[in-house]
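Here's a quick briefing to keep beside you while you look at the model.

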Amino acid sequence: MLEIIKLSKSYKQKKVVDSVNLHLDSGETVGLLGPNGAGKSTTISLISSLVSPSGGDVRLHNESILKSPQSLREILGVVPQEIALYMDLSARENLVFFGKMHRIPNSRLQKRVDEVLEIIGLKDREKDIVKTFSGGMKRRLNIGVALIHEPKIIIMDEPTVGIDPQSRNYILETVKKLNREQNITVLYTSHYMEEVEFLCDRIYIMDHGQIIASGTKEELKNILSQETAINVKVELVKHDFVEALKNHGNIKNLSIQQSVITVIVPKQVNMLKEIFKIAEEHTTNVLSVNIVTPTLEDVFLHLTGRQLRD
Amino acid sequence: MFFQLIKKELLVMWRRPRELIVLLLMPFILITILGSALGAFNDGDIKVDAKLAVLLKDDPKLAQEKAIKEIQHAALSEEEKTQKIAMISAFNPVDIFLNEVIETKELKKVLKVTVVEKGLSLKEQKKYDGILEIPASFSEQFYQKLINEKGTEGTEGKWKLAVADNTSVNATVIQDIVASFQKEMNLAKTAQQLQVDYGKIASSQTKVSAIENLTKKKEIDAFSYYAVGMCVMFVFYMGTTVADFAYQQKEEHIYERILLANVSPFAYFAGIFAAAFFLSFIQLNVLFGLTALVYGVTFPNIMYYLCITIALNGMTASFSVFITAISYVTNSRNVESIFSSLIVPILAFAGGSFFDLSSIGGFMERIGEISPGGAALTAYLKVIQGFSLYDMTEQFQAIFLFTGVLLLASMMLVGKRGAAR
């Protein structure tokens, strides 16, 4: 349906998007995963034709849309990371305004606005001014505006940033429902691994402007089929202990979250004995050790050497 | 789509009381303060204070004596001689002009005349609003025409009037007086043919017509002046406010959303133009409506008022589009701040919104008349004074020129991609 071929963008000789290949098939939900600054938002701007690429192509039904993006824009809804709404207008006024921008006929518009208000759960607040809304409600309306013209593809750029868990769940359920019930194709970017795991059929992992891995959740986890993740909880994270672990030949990656040190090691090697030995040498108290099945987070750590929210 | 952009802009404005206060209440307060505070100074002044130098090369007394002698030696009956001598003795055009017309109480209030016999240096010429040259042998030729009864079309030496600035009220007054007087000269000759006492007719008619001409250009009181001055100044603030809203739309990625709805950048900017045009139209009409109700500042010709208002709205809208285009290209909110805190006050000052630049005269007065705000201000004042639309041609040209230049520059800035990123 939508194909992105070797898409690149440079700003002042710095490549922010580097030869990205990506495709979306009709009706699927695809995740674009990467830490802040990975180039996800720029990739979205390139796909949605807001920024012209330095190289590569964006093809809709096998036709390039770079020179005339109108055909893509007609079937595309974009949910930007920012709340792109008129804060002094009500929810309904915002939806009507953007509906008019999309040239939806009056006879259809009011009904469509009601439908969208139902989808995003703001029917009872339709007349309230947006600036009085909570963060979660604004995010929902932000999605609603992207849905007003009944798009076939929707691109969501971190639509759950900075909201409470309840609103986040509502949004995730809404996206799932849109995909399942209305067969809308979704490209969902996030740096929340669990969101992508919950929603997406396929995942692209992006770092430093490049796609570094792609596939289904299982395919990605298989990257770590030969490795094991060990979580070591210590009383106090000591620098020399961490350095000693890093310098150990069998430890492929290491990350620290509060007092838990996660190391990726080959499956066939028994590292537990080694870890306790290093801890003793550096007078570090180990509180617990867990061997865990690799998650996508571990895959990301394995591929990039850092965590998603670094 | 334009209707939606205008409606949205109206709703946003309505829900932001701070902007409403600045754009509607503030000018009204300033009109009240400036009108009452400076009214005492301005209203006491005589608005017209024309200075005329009369370069008198003619000797009317000698010409009169020469004409009388000629009649005495002419082959005429005694009755005819007496009649003609009486006529010539009673009618001395130069003397009537210098000692009767311009010495009337009404004209002395507005016109100061200095009679000189030698040419003036350039420096001296600058002291006067007009220089009237009465050529040598004017009176002699004039009397010849009267004696020989060769009709009313005079071929005698003509009075030459040079004015420093055609557009100033002072120059207009001088031109009116001289033109009226010359008209009376022709009337006098006709009367002479009909053997009417033309001396009396000439002097009384000249006075009346000169005064009529003066009163036609109504004086501007302080409230009228500052009503126009503040409205013209604050209409530019409407321009910057709309531009500020527009930039906010870019900052908050709403502009990108609108582009994604397949709205072309040019259509979007045309929407900003339409919104600024409509809002400034409402603003001006509310402000002028209020000043009419509270201070009785009215425009005698509503069509002229509407013509200027629409032209000014067009210029304001272009101004708004221009600021938006620069801020979109530079990606900076500072652009709007610079315009609202620096450029608009400069334009208001140069346009004469704070005080009447004609009191300074010269270059500043000229700048005032053709600067964007000054042109509109001058045109509005001319409507109040009772001038015709034709008299405002220069002001309309200036307004249309600025509108065109601003729109062209905006189009070049927006370009094909609409300054999206």
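How many residues of chain B are in contact with chain A? In this predicted model, 20 residues of chain B are in contact with 21 residues of chain A.

**Where the chains touch**

- On the chain B side, helix H1 (2–14) and helix H12 (254–260) each supply at least two of the residues that touch chain A.
- H12(B) gives the most to that side, with 6 residues.
- Sorted by class, the side of chain B that touches chain A has 10 nonpolar residues, 7 charged ones and 3 polar ones.

**The sheet in chain A**

- Chain A has an open sheet of 4 strands in the order S2-S1-S4-S5, and the pairing is antiparallel.
- As background, strands of a sheet pair through backbone hydrogen bonds, either parallel or antiparallel.

**S1(A) and its neighbours**

- Strand S1 (residues 2–11) of chain A runs antiparallel to strand S2 (residues 14–24) of chain A, and 7 bridges join them.
- Looking across that pair, you'll find A:Lys9 opposite A:Val17 in S2(A).
- The hairpin of S1(A) and S2(A) has 2 residues between the strands, and A:Lys12 takes a positive phi near 50° there.
- S1(A) is also joined to strand S4 (residues 55–60) of chain A, by 5 bridges, and these two run antiparallel as well.
- Two pairs to look up here: A:Glu3 has A:Arg59 in S4(A) as its bridge partner, and A:Ser8 stands opposite A:Gly55 in S4(A).
- When you trace side chains along a strand, keep in mind that in a regular strand they alternate between the two faces of the sheet.

**How confident is the predictor?**

- For the model as a whole, the scores are ipTM 0.80 and pTM 0.68.
- Chain B has a mean pLDDT of 80, with 84% of its residues at 70 or more.
- Which helix of chain B has the lowest confidence, and which the highest? Helix H10 (residues 198–216) of chain B is lowest at a mean of 44, while helix H14 (residues 302–330) of chain B is highest at 93.
- Over residues 201–216 of chain B, pLDDT stays under 50, and the model has 30 contacts beyond four places in sequence for this stretch.

Methods:
Residues are numbered from 1 along each chain as its sequence is written. Chains are lettered from A and ligands numbered from 1 in the order in which they are written. Two residues are in contact if their C-beta atoms, placed from the backbone, lie within 7 Å. Ala, Val, Leu, Ile, Met, Phe, Trp, Tyr, Cys and Pro count as nonpolar, Asp, Glu, Lys and Arg as charged, and the others, Gly among them, as polar. Two strands pair if DSSP finds at least two bridges between them. pLDDT is the predictor's confidence in each residue, from 0 to 100.
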